[in-house]
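Keep the view open beside you as you go through the points.

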Amino acid sequence: DTQGGGVIATRFPYPEEQAFGAFVAFAIAALWRTLPGVMHAWRERKHGRGDPEGRLLLGAVVGFFACSAVVLAIFVAAGIRWLTALAILTLIFLLAITLSRIRAEAGPAWVFGPYRDLTRALTIGVGTSAFPEPEIARLSLFRWAYRDVRFLPMPFHMEAFKIADSVGIRKGTAAALIFLATAAGLALGFYFVWTLGYQLGWGSGKVYAGPVAGATVIWNQANDWSRNRTFFDQFGFPWLIGGGVFCGFLIWMRTQFVWWPYHPIGYV
């Protein structure tokens, strides 16, 4: 009733599981540090005070929950159970936060996440047997959006805010510009990918092979999940928890001791 013990030797030291745990722990630590600022802005707003930056922060929180509700509604309308949809959205959010923190603190030009996408984290925790076949198909339908976390927009938005701050653009103005640029980029991106992809030929060397390969991988995983039912991964899950705990230890040591030389981002 567990995923095959015969592959333990090939999976050691479970880098995928460690990465998932470390990514989640690093994001939770970032949220914990942000919470006092949100609470302070809320108290100031409640008493009729507060600066523009605090109001913008509260507006971002309200916008986040509103957009999350819309995404959850779309998932549920497509036939995905709300608990599964909530788990996916939460993992997307946590991975995006960690990628943004890595970009901000360490500065790599292109950040990358766990080896495989976040749906693998679900199968490590509950196995593929927890999902009925229709739900597996619907999960695969949306998997293109988060299969490669390098393309999550939050790190790029964060960098845009940093650039705006450096040249003296107000955060509210920057937020509006980023929103418009994102909306235009999505609309134009979909249009040109669809039209040029079919005009030039998806199977030709004139078109980036990523979308075609991605579509193949997405449905291959759905087929694999349907054919090979697995349960709770008793070998991989402890490494996932261990990765989170060790990342938390590195964060704590770095905040407590100035002489501590190991940055948690190095492990993440």
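1. Let's start with helix α10, which covers residues 237–256. This helix has 20 residues and reaches 29 Å from its first C-alpha to its last, close to the 28 Å expected at 1.5 Å a residue. The expected span is 1.5 Å times one less than the number of residues. Helices here are DSSP runs (H or I, at least four residues), numbered from the N terminus.

2. A word on the source: this is a predicted model, in which local features need pLDDT of at least 70, side-chain atom pairs count only at pLDDT 80 or more, and totals for chains, interfaces and linings use all residues. Residues are numbered from 1 along each chain as its sequence is written, and side-chain values use heavy atoms, with hydrogens and water left out.

3. Which residues of α10 are buried? They are L240, G243, G244, C247, L250, I251 and M253, where buried means under 20% relative accessible area, exposed over 50% and partly exposed in between (1.4 Å probe, protein chains only). Their cover includes α2 (15–46), α5 (119–126) and α11 (264–267).

4. Leaving out residues up to four places away in sequence, S100 touches M154, P155 and M158; contact means heavy atoms within 4.5 Å.

5. R101 also belongs to α4, but counts as partly exposed at 30% relative accessibility. Beyond its neighbours within four places in sequence, R101 is in contact with F26, A30, R33, A106 and I265. R101 and F26 are 75 residues apart in sequence, yet their C-alpha atoms are 8.6 Å apart in space.

6. How do helices α6 (residues 133–142) and α9 (residues 210–227) cross? Their axes come within 9 Å and cross at roughly 165°, so α6 and α9 are roughly antiparallel to each other (angles over 145 degrees count as such). On the α6 side the contact is made by E133, I136, A137, L139, S140 and L141, and on the α9 side by I218, W219, A222, W225 and S226.

7. Finally, the whole protein: its secondary structure comes to 11 helices and zero strands. The C-alpha trace spans about 60 × 55 × 35 Å along its principal axes. Of the 268 residues, 33% count as buried. Among contacts with a separation of 6 or more, 75% are accounted for by residues 24 or more positions apart.

Terms used
Helices (H or I, at least four residues) and strands (E, at least two) are DSSP runs, numbered from the N terminus. Axes are lines fitted to C-alpha atoms, for helices over the stretch in contact, and angles run from 0 to 180 degrees between N-to-C directions. Angles under 35 degrees count as roughly parallel, over 145 as roughly antiparallel, 65 to 115 as roughly perpendicular and the rest as oblique.
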